[in-house]
Amino acid sequence: MLSYARHANAIAPRLPKNHAPFRSLLNTTSNTSSSHSSSSSSHSSSFSSSSSSAGIGRRLVFTQTQPPSISISISSPLKSLRFLSRNVNKKKRSSVRSLSFLSKPRMGSLCALDVPLQYPRVRRDESVIDDYHGVKIADPYRWLEDPDSEETKDFVQKQVELTQSVLKECDTRGKLSEKITKLFDHPRYDPPYRKGNKYFYSHNTGLQAQNVIYVQDSLDGEPEVLLDPNTLSEDGTVSLNTHSVSEDAKYVAYALSTSGSDWVTIKVMQVEDKKIEPDTLSWVKFSGISWTHDNKGFFYSRYPAPKEGKDIDAGTETNANLYHEVYYHFVGTDQSKDILCWKDPENPKYLFGANVTADGKYIILSITEGCDPVNKFYYCDMSALPNGLEGLREKNDLLPVLKLIDTFDAMYDLIANDDTLFTFRTNKDAPKYKLVRVDLKEPTVWTDVLQEAEKDVLESVCAVNGGQMIVSYLSDVKYVLQIRDLNSGNLLHQLPIDIGSVSGISGRREDSTAFFGFTSFLTPGIIYQCNLANEIPDMKVFREITVPGFDRSEFQVDQVFIPSKDGTEIPIFVVARNNIPLDGSHPCLLYGYGGFNISITPYFSVSRIVLTRHLGAVFCIANIRGGGEYGEEWHKSGSLAKKQNCFDDFISAAEYLVSAGYTQPSKLCIEGGSNGGLLVGACINQRPDLFGCALAHVGVMDMLRFHKFTIGHAWTSDYGCSDKEEEFQWLIKYSPLHNVRRPWELHASQPPQYPSTMLLTADHDDRVVPLHTLKLLATLQYVLSTSLEKSPQTNPIIGRIECKAGHGGGRPTQKMASI
């Protein structure tokens with residue numbers, strides 16, 4: 001299926017990106033290959049101005065000699081669904097920037113189903129009616145919220161059989177899968193990082209289910225396998241969620257997820273002899289692992305064990321996640337001996353992350369309640385604890401923290417500290433972020449180190465090489481990388497990188513060498529090594545990832561800026577074979593997300609390259625409002641009462657692709673996952689005539705009840721909550737489950753129908769639980785088909801329910817490459 005795994009962890013409690021416990025919430029664990037390219041000697045980029053062949057405006061054509069990229073996998077049920085012809089809308093003005101890479105156009109065809117589907121009859125319980133502030137809302141499929149009931153299992157089984165009957169009719173599935181698997185079979189690496197006197201990195205030889213962690217004594221040393229998740233399960237469904245190496249590189253603590261669940265179990269291994277310690281920490285979720293510098297143990301976060309205990313199949317439950325707690329674990333002891341360091345029973349929705357500062361002196365607590373980029377910031381000087389952490393156990397007391405920030409007014413992301421002098425990346429009075437500094441001895445005096453940029457978003461900062469920092473900005477959804485002075489914020493050097501995305505910046509203040517990854521739509525990955533010892537940084541390619549059989553010169557990338565419904569300019573990336581005729585003949589895949597301050601930046605995808613090369617498809621990403629592409633104002637303009645802007649932006653992007661001649665509605669497929677699944681669900685309700693196909697992965701579809709399940713309560717920061725009357729009025733207007741209508745009854749003169757639609761979920765998705773997909777699937781099939789004797793809805797409405805899988809993170813390579 002088309003994978004959104006790159007952004008699978010977006011709907012998660014959100015905390016500072018550089019704060020270790022929260023990197024695990026924001027970064028995906030999918031098998032992506034990320035690399036970086038461009039040294040000052042080998043990189044060049046030139047451009048010239050030209051007019052657009054589509055009459056769209058000015059076009060900048062970039063010739064790139066060495067771009068970048070991250071590899072992500074997707075396979076597609078695109079060809080298994082029927083596309084119907086519709087009229088093509090005309091003309092919208094926009095400005096275009098093109099990143100050109102040469103090629104010959106090649107087109108494919110799409111197959112159709114010949115026999116109307118017979119949907120299973122599903123019980124409706126008309127007695128279930130909720131009263132929302134005086135408004136009666138029926139919920140006839142409430143029973144599908146129980147994943148363990150026999151009736152739910154029967155529903156799922158029948159839907160699985162129906163979907164299999166559709167997919168087996170696709171005569172090109174096998175060929176596509178073969179092509180995708182073949183291109184997937186290439187080595188992939190992540191940037192190395194250093195702990196103690198050793199280097200660590202992850203690597204996948206090609207078709208391994210999970211990435212493997214390697215260790216080496218030096219960059220030239222012989223790498224050894226440290227941790228291979230592929231040995232932990234026969235089907236590759238046990239994945240590495242996160243890991244952390246002790247300061248002396250003696251131990252590695254690692255968190256394992258089963259079947260894609262957010263629940264993880266932490267284990268400990270000795271690095272030298274690979275001996276696994278008996279330590280086993282259970283019921284851990286939304287947690288990092290942060291070692292104290294005495295190497296005796298680490299901080300982590302967990303929830304109380306559920307009442308069902310060991311009998312529960314972790315990841316299939318729907319109970320709300322409440323009462324997060326921070327513990328300290330001493331290596332070699334039982335979990336029952338762990339020290340409770342922090343809790344807040346008066347605020348059960350709070351989430352806590354504990355991280356030890358780089359100097360080992362302080363333990364910091366970052367506290368959030370939702371997914372907004374805001375947090376409280378507490379700290380404790382561990383050197384001042386009279387009896388160390390053991391003393392907390394003796395007194396049965398919590399950490400004696402000092403509260404530097406005790407309100408949710410902004411985000412405070414710790415970058416570095418020099419004793420009591422703390423440097424933060426923050427959005428306080430700076431929606432595009434800035435750097436500030438405070439001395440803990442004078443906590444009311446804050447000074448700016450690096451002021452907010454006028455247009456570009458300060459994405460990340462990494463302190464390196466003593467008093468320097470690597471700073472990344474997002475400029476029109478493309479990364480800019482700089483070396484700046486940590487103390488003054490002054491610009492020292494601009495690093496020459498191509499048009500694309502930076503990932504995995506790795507470096508320490510005690511080291512003069514840093515690594516980072518770089519990715520774009522047409523580069524399978526480059527890892528750069530940057531030597532900062534000299535006045536002029538020496539940047540060179542450390543590793544370059546190549547995909548046999550892929551020729552970037554066959555393809556072209558454009559970035560187009562189009563007006564949305566209210567006139568706001570929305571960026572769209574368009575990836576296609578070079579010089580395709582803009583005659584509306586091409587199948588097109590439009591992807592979007594638009595939420596939770598998440599930015600969708602250029603990345604390499606084997607599967608989408610296959611679609612583009614062999615089916616002549618055009619692949620597009622719409623950077624709609626709600627994301628983080630232009631800072632917090634962009635995010636807020638697509639959330640809460642303004643959520644409709646996201647759908648308007650996406651619909652405007654689709655209309656542009658049709659009017660510009662890239663495609664036509666019958667050949668236009670839209671895709672999104674998680675919050676992007678909500679986007680797809682809302683858009684097919686609002687404009688069913690505009691799309692030929694829709695793929696909604698693990699979407700949030702019941703906007704009136706999402707907050708009642710697992711971590712859904714954290715999303716109210718972006719959506720609102722139906723418990724509040726004003727917010728209910730926002731939600732009911734676009735909730736996919738509550739806005740399914742028969743289009744032919746609304747537009748009798750031109751009776752449209754819903755596009756061919758596939759809703760996808762997984763049995764161990766405990767982020768956006770499967771009930772969202774199941775309830776919408778039952779509703780769509782009933783309203784559009786089974787409730788009528790003869791329905792005009794002939795396009796299929798089907799669901800794909802994956803077993804032993806979760807919200808997208810940790811998916812085995814084989815699952816990502818399969819169709």
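**Exercise 1.** Determine whether Phe-521 and Tyr-603 are buried or exposed, and classify their ring pair.

*Solution.* Step 1: Phe-521 and Tyr-603 are both buried (under 20% relative accessible area, with exposed over 50% and partly exposed in between, for a 1.4 Å probe and protein chains only). The model is predicted: local features require pLDDT of at least 70 and side-chain atom pairs pLDDT 80 or more, whereas totals for chains, interfaces and linings use all residues. Residues are numbered from 1 along each chain as its sequence is written, and side-chain values use heavy atoms, without hydrogens and water.

Step 2: The ring centres of Phe-521 and Tyr-603 lie 6.4 Å apart with 45 degrees between the planes, a tilted aromatic pair (rings of Phe, Tyr and Trp, the last by its six-membered ring, pair with centres within 6.5 Å; planes under 30 degrees apart are stacked, over 60 edge-to-face, the rest tilted).

Step 3: Phe-521 belongs to the loop between β34 (513-520) and β35 (523-531), and Tyr-603 to the loop between β39 (588-592) and β40 (604-605), so the contact ties together parts 82 residues apart in sequence (strands are DSSP runs of E, at least two residues, numbered from the N terminus).

**Exercise 2.** State how many aromatic pairs the structure holds, and classify the pair of Tyr-362 and Tyr-379.

*Solution.* Step 1: There are 38 aromatic pairs in the structure.

Step 2: The Tyr-362 and Tyr-379 ring centres are 6.0 Å apart and the planes stand at 75 degrees, so this pair is edge-to-face.

Step 3: Tyr-362 is in strand β22 (residues 362-368) and Tyr-379 in strand β23 (residues 376-381), 17 residues apart. Both Tyr-362 and Tyr-379 are buried.

Terms used
Helix = DSSP H or I, 4+ residues; strand = E, 2+ residues; numbered from the N terminus.
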